[in-house]
Amino acid sequence: QVEVAPGAQIGEAAICGTGVPLSGGVRTTSASLQVGINSSYPISGGWQVYVNNGSTQDIFFNPYVVCAS
């Protein structure tokens with residue numbers, strides 16, 4: 001779980017244990033419309049995401065990846 005302070009942008013990757021990434025994304029604990037997924041894309045061996053927090057409270061997110069062997 002990754003913490004994002006108010007007004008910040010944080011990137012984090014989910015890595016395949018084995019295999020190649022097929023898909024991925026991010027889950028966040030926030031329902032605020034001021035929190036957004038900046039980007040979500042495959043990288044070598046995993047999936048990279050960036051989350052923006054435009055709210056006034058700390059939020060948390062988890063990147064995930066679906067891998068094929």
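**Entry 1: the core.** Which residues make up the largest nonpolar core? Before answering, I note that I am working with a predicted model. I looked up the core and found nine residues in all: V2, V4, V26, V35, W47, V49, V51, I59 and F61. Next I asked which elements give two or more residues to this core, and they are β1 (2–4), β5 (46–53) and β6. The most comes from β5, which gives three residues.

Entry 2: I picked F61 from the core list and found F61 in strand β6. Is F61 buried or exposed? Its relative accessible area is 0%, so I wrote down F61 as buried. Then I listed the contacts of F61, leaving aside neighbours within four places in sequence: Q1, V2, V4, I10, E12, V26, R27, T28, V49 and V51.

Not counting residues up to four places away in sequence, V35 touches T28, S30, V51, N52, N53, S55 and I59.

**Entry 3: the disulfide.** How many disulfides does a search of the whole structure find? I got one. This disulfide joins C16 to C67, with an S to S distance of 2.0 Å. C16 sits in the loop between β2 (9–15) and β3 (20–28), while C67 belongs to strand β6 (residues 59–68), so the pair ties together parts that are 51 residues apart in sequence. I looked up the torsion about the S-S bond too: it is about -90°, so I noted the disulfide as left-handed. For accessibility, C16 has a relative value of 9% and counts as buried, whereas C67, at 31%, counts as partly exposed.

Entry 4: Which residues make a nonpolar surface patch of about 270 Å²? My search gave V20, L22 and V66. I followed up on L22, which is found in strand β3. L22 has 57% relative accessibility, and the cut-off for exposed is over 50%, so L22 counts as exposed.

Definitions and conventions: Residues numbered from 1 in each chain as written. Predicted model: local features only at pLDDT ≥ 70, side-chain atom pairs only at ≥ 80, totals over all residues. Heavy atoms only, no water. Disulfide = S-S within 2.5 Å. Helix = DSSP H or I, 4+ residues; strand = E, 2+ residues; numbered from the N terminus. Buried < 20%, exposed > 50% of the residue type's maximum accessible area, 1.4 Å probe, protein only. Patch = residues over 30% accessible without salt bridge, like charges linked within 9 Å, V, L, I, M, F, W, Y side chains within 5 Å. Areas by Shrake-Rupley, 256 points an atom, 1.4 Å probe, with all protein chains shown as cover. Salt bridge = Lys/Arg side-chain N within 4 Å of Asp/Glu carboxyl O. Contact = heavy atoms within 4.5 Å. Core = buried A, V, L, I, M, F, W, Y, C linked by side-chain atoms within 4.5 Å.
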